[in-house]
Amino acid sequence: MAISMTQAAIDHVSRYLESRGHGEGIRLGVRTSGCSGMAYVLEFVDQSEPEDEIFEFGGVKVVIDPKSLAYLDGTELDFVREGLNEGFQFNNPNVRSECGCGESFNV
């Protein structure tokens, strides 16, 4: 099982980790939410758990719990800017449908 990050995402996370001054990396996960069933969770990680899977891209660690990894396998984490909007984009091959507002997905 694997995930990947684009260079734009690596650069963005690196800047935030540096300005934060501490932390091991970011945690990527899923939780039950929204009208389609699942939503992405992205947060800073100060300490990983023994059961976590850790992926490293350009010095950025991405920590994923085993339950979430089943839903995230093959996902590419990207950071995009479109006009005045910017944010993370999850290119997940496991997604079968998304809600109309884009906040949740179903696998």
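Trainee: Where is E51 found, and why is E51 called partly exposed?

Mentor: In this predicted model, E51 is found in the loop between strand 3 (37-45) and strand 4. Its relative accessibility is 48%, and because buried means under 20% and exposed means over 50%, E51 falls in between and counts as partly exposed.

Trainee: How far apart are E51 and D65 in sequence and in space?

Mentor: E51 and D65 are 14 residues apart in sequence, while their C-alpha atoms are 6.8 Å apart in space.

Trainee: What makes strand 1 and strand 7 edge strands of their sheet?

Mentor: The open sheet of three strands has the order 1-6-7, with mixed pairing. Strand 1 (4-5) and strand 7 (85-91) each have a single partner strand, so one side of each is left without a neighbour in the sheet, and they therefore stand at the edges.

Trainee: Which strands does helix 1 lie across?

Mentor: Helix 1 lies across strand 1, strand 6 and strand 7, and runs at about 85 degrees to strand 6.

Trainee: Which residues have the most contacts inside the largest nonpolar core?

Mentor: That core has 19 residues, and those with the most contacts inside it are I3, M5, F57, V62 and I64. Helix 1 (7-20) and strand 2 (25-33) are among the elements that each supply at least two of its residues, and the largest share, four residues, comes from helix 1.

Technical notes
Residues are numbered from 1 along each chain as its sequence is written. This is a predicted model: local features need pLDDT of at least 70, side-chain atom pairs count only at pLDDT 80 or more; totals for chains, interfaces and linings use all residues. Side-chain values use heavy atoms; hydrogens and water are left out. A nonpolar core is a set of buried Ala, Val, Leu, Ile, Met, Phe, Trp, Tyr and Cys residues joined through side-chain atoms within 4.5 Å. Buried means under 20% relative accessible area, exposed over 50%, partly exposed in between (1.4 Å probe, protein chains only). Two strands pair if DSSP finds at least two bridges between them. Contact means heavy atoms within 4.5 Å. Axes are lines fitted to C-alpha atoms, for helices over the stretch in contact, and angles run from 0 to 180 degrees between N-to-C directions.
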